[in-house]
Amino acid sequence: MKDQADIIIINGKVFTENADLPWAKHIAIKEDRFLFVGNNSTWKEHLGKKTKLFDAGNRLILPGLLDGHTHPVPVSLSKWRGQLPRTNNLTELLE
């Protein structure tokens with residue numbers, strides 16, 4: 001029996017960055033890993049009772065596109081989100 005996915009997204013335009021399969025229609029995900037990425041009905045083998053199924057409606061999906069940066073000085077001078085010391089001193093910010 002195949003692993004059951006937590007999430008399956010079907011009917012998307014999934015950019016994979018894989019030269020052998022640059023575009024896919026369906027993806028199955030369990031926790032933090034892909035169980036299936038492809039264009040055939042194999043995704044159905046990962047469908048379980050608790051799997052959330054989403055129809056992407058032919059929309060673009062870019063896995064892993066994240067904004068993982070911040071600008072420490074403006075953040076430290078604001079009360080928005082993480083509270084850093086109120087300073088422009090780099091040493092104090094890094095501490």
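Q: Hi! For contacts in the chain with a separation of 6 or more, what share comes from residues 24 or more positions apart?
A: Those residues account for 45% of such contacts. Keep in mind that this is a predicted model.

Q: Let's look at pairing. How do β2 and β3 run?
A: They run antiparallel, with three bridges joining β2 (residues 13-18) to β3 (residues 21-24).

Q: And how many residues sit between them?
A: Two residues, and the two strands form a hairpin.

Q: Nice. Which residue in β3 is the bridge partner of F15?
A: That would be W23.

Q: Changing topic: where is L47?
A: L47 lies in the loop between β5 (33-38) and β6 (52-55).

Q: Why does L47 count as partly exposed?
A: Because its relative accessibility is 38%, and partly exposed covers the range between under 20% for buried and over 50% for exposed.

Q: How far apart are L47 and Q4 in sequence and in space?
A: In sequence they are 43 residues apart, while their C-alpha atoms are 5.7 Å apart in space.

Q: Now the whole chain: what percentage of its residues count as buried?
A: Of its 95 residues, 25% count as buried.

Conventions:
Residues numbered from 1 in each chain as written. Predicted model: local features only at pLDDT ≥ 70, side-chain atom pairs only at ≥ 80, totals over all residues. Heavy atoms only, no water. Helix = DSSP H or I, 4+ residues; strand = E, 2+ residues; numbered from the N terminus. Buried < 20%, exposed > 50% of the residue type's maximum accessible area, 1.4 Å probe, protein only. Contact = heavy atoms within 4.5 Å. Pairing = 2+ DSSP bridges.
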